[in-house]
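Reader: I've got a model open and I'd like to learn how to read it. Can we go through it feature by feature?

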Amino acid sequence: MIARKSAEPSPEGIGRSNRKRLAAEDGARALADAERQAIDVRKNMARLRELREAKEFADIAVRASLPAPAPTKRKNKPAR
């Protein structure tokens with residue numbers, strides 16, 4: 001006997017196709033959200049890197065403008 005498919009889909013088939021469609025939509029939405037979050041993270045990292053580099057440059061400029069520290073004389077250690 002050969003089973004023939006009916007022209008009309010069964011309720012189980014309709015439910016299965018709906019679940020697949022919803023899962024595909026949810027997956028696409030999750031990928032878009034993850035990509036958007038990754039972009040936000042990269043933007044924030046770039047902003048923080050610029051701030052850090054500016055601070056380091058300012059620190060170097062301040063250190064360069066200060067006079068060099070005078071060397072201190074070393075005290076003799078007391079004899080035991």
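Author: Let's begin with K55 and D59: they are four residues apart in helix α1, so about one helical turn separates them. Helices here are DSSP runs of H or I with at least four residues, strands are E runs of at least two, and the numbering starts from the N terminus. One thing to keep in mind is that this is a predicted model, where local features need pLDDT of at least 70, side-chain atom pairs count only at pLDDT 80 or more, and totals for chains, interfaces and linings use all residues. Residues are numbered from 1 along each chain as its sequence is written, and side-chain values use heavy atoms, with hydrogens and water left out.

Reader: What does K55 form with D59?

Author: The general idea is that side chains of opposite charge can pair when their charged atoms come close. A salt bridge here means a side-chain nitrogen of Lys or Arg within 4 Å of a carboxyl oxygen of Asp or Glu. K55 and D59 form one, with the closest N and O atoms 3.1 Å apart.

Reader: Are K55 and D59 buried, partly exposed or exposed?

Author: The cut-offs are on relative accessible area: under 20% is buried, over 50% is exposed, and partly exposed lies in between (1.4 Å probe, protein chains only). K55 counts as exposed at 53%, while D59 has 30% and is partly exposed.

Reader: How many salt bridges does a search of the whole structure find?

Author: Five. Among them is R21 with E25, at 3.3 Å from N to O. R21 and E25 are also four residues apart in helix α1, so about one helical turn lies between them. R21 is partly exposed at 42%, and E25 is partly exposed at 35%.

Another is R52 with E56, at 3.6 Å from N to O. Both lie in helix α1, four residues apart, about one turn of the helix. R52 is partly exposed at 42% relative accessibility, and E56 is partly exposed at 39%.

Reader: How many helices and strands does the protein have?

Author: One helix and zero strands. The protein has a radius of gyration of 35 Å, well over the 12 Å that the rule gives for 80 residues, so it is more spread out than a compact globule. Along its principal axes, the C-alpha trace spans about 110 × 40 × 20 Å.

Reader: What share of the 80 residues is buried?

Author: Buried residues make up 0% of them.

Technical notes: The radius of gyration is taken over C-alpha atoms; the globule rule is 2.2 Å times the number of residues to the power 0.38.
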